Amino acid sequence: MKEKLQTLLAKPFFHDYRTLLGLWLLLGLVSALTKMHHHNNFLVFRGAFWHTWQQTALYVPYPEEYTDTNHYGPLFSMIIALFAVVPEWLGLILWCVALALFLYVAVRHSTMTKYQQLFIFWFCAHELLTALFMQQFNIAIAAIIVLAFFLIEKERDGTAAFFIVLGILTKLYGVVGLAFFFFSKHKLRFALWFFAWLAVLFALPMLISSPDYITGQYQAWLTDLVEKNGANANEIAQNISLLGMTHRVTGLAFSDLWLIVPAFLMFLVPYVRFSQYKHAGFRQTLLASVLMFVVLFSTGSESSGYIIPFVGIVIWYTAAPWKRTGWDIALLVFAFVLSSLSPSDLFPAYLRKEWVQPYALKALPVTVIWLKLCWEMWTKDYTLRGAESTNSENVTN
C-alpha cells in the first residue's frame, strides 16, 4: 500500500505547478460561487471603498448594508476599489480568485525550493479554502509577510518596504515584517524606503476623499482597534489564539502581557545567534516563527485566519537541514486534523462544538509547533551538509 501511494504521488500531475495554480484558482472560484448569496465580509470590504468615496465614517455600523463593522485601515479602500466598482457578484469572484492568486504568486516568487513550494500548495489548500469561504484578507497578509521576507533576501528592500507598509496600514499585522530588517544587507536603504512608502500610502486614499477626512479616519481606526481588542475576549469566534486558549481552558482572568512578554522574549532569542544568519534554513525558520507568532498572540485571531500560520508550519518543517523525525510528522498531522479540519464537516461536530470552539483548541497544534521551533532556533545548527545540500540544489527552482 505504501509503495502504491509513493508511486501515485510520484506522478508528474502532483509536481506540476500548473496543477497547483489551477487548483488554487478553482478554490477561489468555488468559494465565491458557494457564497454568492451570503458574503457579509465582502460587503464590509466593499463598503470601505464607497464610504471613503462618500467621506462617511468607516468604523460605525451600517446595518442596512451588512452586519459587523469595518476594522481595516483607510488604505484598504484603495485595495478593494477595483472589486467594489464592478457588479457585486463579479467583484466577489474576482476578490476570491485574486486572494488565492496573490498567495500563490508570493510563494512561487520566493527562493524556497520546489519541494517547499509544492508542500505549501498541497498542505495549505484546505486552510486556504476555509479562509476563502470568509473572503478573508488574511490570505493577503500571509502573502505580504512572505513577500517581504523573500524580497529582502533578494536585496529588493524598497519593494519589501512597500509590502510591509501596505500590511501595516491595512491590518497592522504587516508590522511583523520589520522582524526581517536584521537580515537586510541595505538597512539604510530599507529605512528610507519604509518612511517614503509610509508617507505615500498614508496619503493615497486622499485621492478619492480629502486630507482631513483620511487623517480623521486613521485616528478613528486606532480607537476602533483598541475597542475591538477589548471586545474580542467575549467573542467565541475571536481570539482563536494561544491567548484565548489559555484564558478559556484555565477560566482565569489576567493580563495578556503575562503571556505576550515572555513569548516575545522567546521570539527574540534567536537574533543573538549571529553565526546562524548566513544559513537560509535559519532565516526561513524565523519567517515561519513570525507567521505563527502573529496569530498565536493576537486577540483578533479568527479560525479563518490560520492560513497565515499554516504557511509557517510548512516552512518550519521543510527549512531544517536535518532529517525530520516521526514526531515532527505527527505534529504536521496533528495540526492538519485539529487546526485545519476542525471547522469543516470532515471533523466530528460534537468535538468541534463541545471542545474545539469553546476552548480555542485550533491554536493548540500551532502553539506546540511554535514552541518546538523556538527550541530548535536556540539550539540547532542550520548548516547545510552533505547529501542534504545536494538534494536541496536538485529541487531548487
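User: Hey, quick one to start: is Ala360 buried or exposed?
Analyst: Ala360 has a relative accessibility of 1%, so it counts as buried. Keep in mind that this is a predicted model.

User: Okay, changing topic. How do α15 and α16 pack?
Analyst: Helix α15 (residues 280–296) packs with helix α16 (residues 307–319) at an angle of about 155°, and their axes are 8 Å apart. Angles over 145 degrees count as roughly antiparallel, and α15 and α16 are therefore roughly antiparallel to each other.

User: What's the handedness of the crossing?
Analyst: The α15 and α16 crossing is left-handed.

User: Which residues meet there?
Analyst: On the α15 side they include Leu287, Ala288, Leu291, Met292 and Val295. On the α16 side, Ile308, Pro309, Gly312, Ile313 and Trp316 are among them.

User: What does Met292 touch?
Analyst: Leaving out residues up to four places away in sequence, Met292 touches Pro309, Gly312, Ile313, Trp316, Val366, Ile369, Trp370 and Leu373.

User: Which residues touch the most other members of the largest nonpolar core?
Analyst: Met292 and Ile308 do, in a core of 126 residues. The largest share of this core, 14 residues, comes from helix α9 (residues 138–153).

User: I was eyeing Val295 and Gln117 as a distance pair. How far apart are their C-alpha atoms?
Analyst: They are separated by 22 Å, and the two residues are 178 apart along the chain.

User: Now Arg324. Where is it, and is it buried or exposed?
Analyst: Arg324 is in the loop between α16 and α17 (326–341). With a relative accessible area of 10%, Arg324 is buried.

User: What does its side chain pair with?
Analyst: The Arg324 side chain has a polar contact of 2.7 Å with the side chain of Glu376. The side chain of Arg324 also reaches the backbone oxygen of Tyr317 at 3.2 Å.

User: What else is around Arg324?
Analyst: Setting aside neighbours within four places in sequence, its contacts are Trp316, Tyr317, Lys372 and Glu376.

User: Last one: what about Ser31, buried or exposed?
Analyst: Ser31 counts as buried because its relative accessibility is 1%. Ser31 lies in helix α2 (residues 17–34).

User: Which backbone oxygen lies 2.8 Å from its side chain?
Analyst: That of Gly28, which lies 2.8 Å from a polar atom of the Ser31 side chain. Leaving aside neighbours within four places in sequence, Ser31 is in contact with Cys96, Leu129, Leu132 and Phe133.

How values were computed
Residues numbered from 1 in each chain as written. Predicted model: local features only at pLDDT ≥ 70, side-chain atom pairs only at ≥ 80, totals over all residues. Heavy atoms only, no water. Core = buried A, V, L, I, M, F, W, Y, C linked by side-chain atoms within 4.5 Å. Buried < 20%, exposed > 50% of the residue type's maximum accessible area, 1.4 Å probe, protein only. Helix = DSSP H or I, 4+ residues; strand = E, 2+ residues; numbered from the N terminus. Contact = heavy atoms within 4.5 Å. Polar contact = N/O pair within 3.5 Å; in protein donor to acceptor, adjacent residues only side chain to side chain. Axes fitted to C-alpha atoms, helices over the stretch in contact; angles between N-to-C directions. Parallel < 35°, antiparallel > 145°, perpendicular 65-115°, else oblique. Left-handed = near helix turned anticlockwise from the far one by under 90°.
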